[in-house]
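I opened the model today to look up a few local features. My notes follow in the order I took them.

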Amino acid sequence: MPDAGLSAGEAARIIGVAATTLRTWDRRYGLGPSGRNPGRHRRYDEDDLARLELMRRLTVEGVAPAEAARIAKTARDLTGQAPASAGGQAFPDGTAAGPGLSLRSARARSPATVKGLRRAALALDPAAVDRILNAALADGVVPAWTTVIAPALRDLGRQYLTAARYITAEHLLSGAVSAALARVPRPQVRPRIVLACAPDEHHSLPLEALAAALAERGVTSQMLGARMPTDALREALVRTGPAAALIWAHSPATADYDQLAAVSGTRPRPAIVAACGPGWASGSLPDGILLLSSFQQALSVTERLT
C-alpha cells in the first residue's frame, strides 16, 4: 500500500465492492478513512481496509449492516490480523496475542513449553501438567491456547493410535486443560453468548478456550458443551434470548447443517448465528449463518456483545 494510503476507488477495488458502497458505509456507519490531511482527500490505511473487509464479509454472511459496522469498528489489532475466511487457520490454531504477552514472545518460548507439557502428560504426572498449564494461562488464555495447549494436544492426538499410553496421556491432558480453563474467573453478568457443540461433536475444548478468553475480556458466555441436541439448544435459546449462538464442529463428519437451520429459525433469533470450527463448509451453510473459522475471528465478533 502506498504510504499516502488509498482512495475510495482503490480501496473499493481491493475489497470487492463499489466505491459508492464505501461512501455509504462512511456516511451511515462511520467506516471511513481514518487518515486526515488538511486540504487533501482522506485516504484509507491498512487498518481501514481490514475493517472494511470484515464489514464486507459479515454482511455477505448475513449480519445486518448496522451490526456488522459496529463489530468492524470495535475489532482490535486489525493490521495483519484480519479475520480468516473459510480457507484460513482452523479454529484451534488461531493467532491472537492475549493480555500480558506478545504473540512473538509466546511463540519464542512455546516449543519448550509444549514439549514439557507433552512429557508431563506422558508421565501421567497431573501435578506437573497443572503447573505448566497455570504458568501458561498466567500469560493470557489466547497465547496459552494457541501456542502451548493446542499444539500439545495435536502432538498427542497424532500419536495415540500407535500406543495405548498416548490415549491415556491425551485424556489426562484434556481433563486438566478443561479444569484449568474453567478456573478463569467469569464476570458476574448475564451471558449474551451461547456456545454449543453439534449433536455428534464431543470435542468441546476449543469452545471452552473461547469461553475463557471471552471471560478474560469481561464477556460472559453460556457453555452448553458437547453433543448438544438440536431441540435442547433451541429451547435454551428461546429461554435465554442471547445475542449470539456459536455452534462448533471439529470435522465434516460432525457438522450438522439441519441444526444450524433449526437454530436460525428460533424466535427470537439471535443477532448472530455462527458455525465455528474446521468442520463446516462455507458453501453448505444455510442463509444468514456466519462462518467463524479462526479463533481471532470468533473473538472479534463476540467480545463486544455485552
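**Helix α2 and what follows**

I began just after α2, where G30 has a positive phi of about 75°. This is a predicted model, so I kept to its cut-offs: local features need pLDDT of at least 70, side-chain atom pairs count only at pLDDT 80 or more, and totals for chains, interfaces and linings use all residues. Residues are numbered from 1 along each chain as its sequence is written, and side-chain values use heavy atoms, with hydrogens and water left out.

Helices (H or I, at least four residues) and strands (E, at least two) are DSSP runs, numbered from the N terminus. I sorted residues by relative accessible area: buried is under 20%, exposed over 50%, partly exposed in between (1.4 Å probe, protein chains only).

Which residues of α2 (residues 19-29) are buried? I found L22, W25 and Y29. Seen down the axis of α2, they fall within an arc of 75°, so they line one face of the helix. The arc is taken from the directions from the helix axis to the C-beta atoms. An α-helix has 3.6 residues a turn, so residues three or four places apart point the same way. On the other side of α2, I noted T20, R27 and R28 as exposed.

Next I checked Y44, in the loop between α2 and α3 (46-60). Y44 is buried, at 3% relative accessible area. Y44 and P33 lie 11 residues apart in sequence, and their C-alpha atoms are 4.5 Å apart.

**The sheet**

I then traced an open sheet of 5 strands, ordered β2-β1-β3-β4-β5, with parallel pairing. Strands pair if DSSP finds at least two bridges between them. β2 (221-225) and β5 are at the edges with a single partner strand each, so one side of each has no neighbour in the sheet.

I looked at β1 (residues 193-197) and β3 (residues 244-248), which pair in the parallel sense over 5 bridges. A196 stands opposite I247 in β3. α11 packs on the sheet and touches β1, β3 and β4. Contact here means heavy atoms within 4.5 Å.

**One aromatic pair**

I counted rings of Phe, Tyr and Trp (its six-membered ring) as paired if their centres lie within 6.5 Å; planes under 30 degrees apart are stacked, over 60 edge-to-face, the rest tilted. The count comes to 1 aromatic pair. Y257 and W280 form it edge-to-face, at 5.2 Å centre to centre and 85° between the planes. Y257 is in helix α11 (residues 257-264), and W280 is in the loop between β4 (272-276) and β5 (290-292). Is W280 buried or exposed? W280 is buried, at 6% relative accessibility. Y257 is partly exposed, at 23%.

Conventions. Axes fitted to C-alpha atoms, helices over the stretch in contact; angles between N-to-C directions.
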